[in-house]
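Student: I have not looked at this structure before. Could we go through it step by step?

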Amino acid sequence: MSSGRFAIATHALALLAQTEESCASDALSASINTNPAFLRRILARLSQAGLIEAREGRAGGYRLARPAKKIRLSEVYAAVEPEGAIAPSPCEPNARCPIGAGIQRAFDEVAEAANEGLLRGLAQKTVADIALRAQHLGRPAPAPVKAG
């Protein structure tokens, strides 16, 4: 189940990759266009994972804990989506049913394989990769030259 936390965390980290100075959560949330309090909860997870550093006070803010090219997207995902991409059913299956008795374990196997595949794919890209791509895609195309 997707929460959007990974996309928001990646956006914040891509912004932080563009500056060596600390950046306030208000400035980050303005670019992401999200609630600053919600963003601060995501930033706290990134800080706990050792991906960013947080500084308190007037000149405080957030900055990357290491270079963006050394932060794999799989690390970001694991920090903000620890339950993985596929959540188990909230229902308690009927243990007397032949399917119900084994569905949770069978589903767990599928979910684990899917989550491992996702993390392997994300490990191929870094925060620097996505920041560079976003910057490239965010630039307007040059105006066509008129033949004269």
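Tutor: The questions below go from the whole chain to single residues of this predicted model.

Student: In what order do the elements of the chain run from the N terminus on?

Tutor: The chain has 6 helices and 2 strands. Read from the N terminus, the order is α-α-α-β-β-α-α-α.

Student: Is the chain compact or spread out, and what is its radius of gyration?

Tutor: The C-alpha trace spans about 75 × 55 × 25 Å along its principal axes. For the 148 residues of the chain, the elements run α-α-α-β-β-α-α-α. The globule rule gives 15 Å for 148 residues, and the chain is well over that, so it is more spread out than a compact globule, with a radius of gyration of 20 Å.

Student: Which residues of helix H4 are buried?

Tutor: Helix H4 covers residues 73-80 and is mostly covered, with 6 of its 8 residues buried. These buried residues pack against helix H1 (5-17), helix H3 (36-48), helix H5 (100-122) and helix H6 (127-138). The buried residues are Leu73, Ser74, Val76, Tyr77, Ala79 and Val80.

Student: How many residues apart in sequence are the parts that the pair of Phe6 and Tyr77 ties together?

Tutor: The count of aromatic pairs in the model comes to 1. Phe6 and Tyr77 form an edge-to-face pair, at 5.2 Å centre to centre and 75° between the planes. Phe6 lies in helix H1 and Tyr77 in helix H4, so the pair ties together parts whose separation in sequence is 71 residues. Phe6 and Tyr77 are both buried, and the separation asked for is 71 residues.

Student: Is Asn33 buried or exposed?

Tutor: Asn33 lies in the loop between helix H2 (25-32) and H3. Its phi is near 65°, a positive value in a residue other than glycine, while most residues other than glycine have a negative phi. Relative accessibility over 50% counts as exposed. Asn33 has 71%, so Asn33 counts as exposed.

Technical notes: Residues numbered from 1 in each chain as written. Predicted model: local features only at pLDDT ≥ 70, side-chain atom pairs only at ≥ 80, totals over all residues. Heavy atoms only, no water. Helix = DSSP H or I, 4+ residues; strand = E, 2+ residues; numbered from the N terminus. Rg over C-alpha atoms; globule rule 2.2 N^0.38 Å. Buried < 20%, exposed > 50% of the residue type's maximum accessible area, 1.4 Å probe, protein only. Contact = heavy atoms within 4.5 Å. Phe/Tyr/Trp six-rings, centres within 6.5 Å; stacked < 30°, edge-to-face > 60°.
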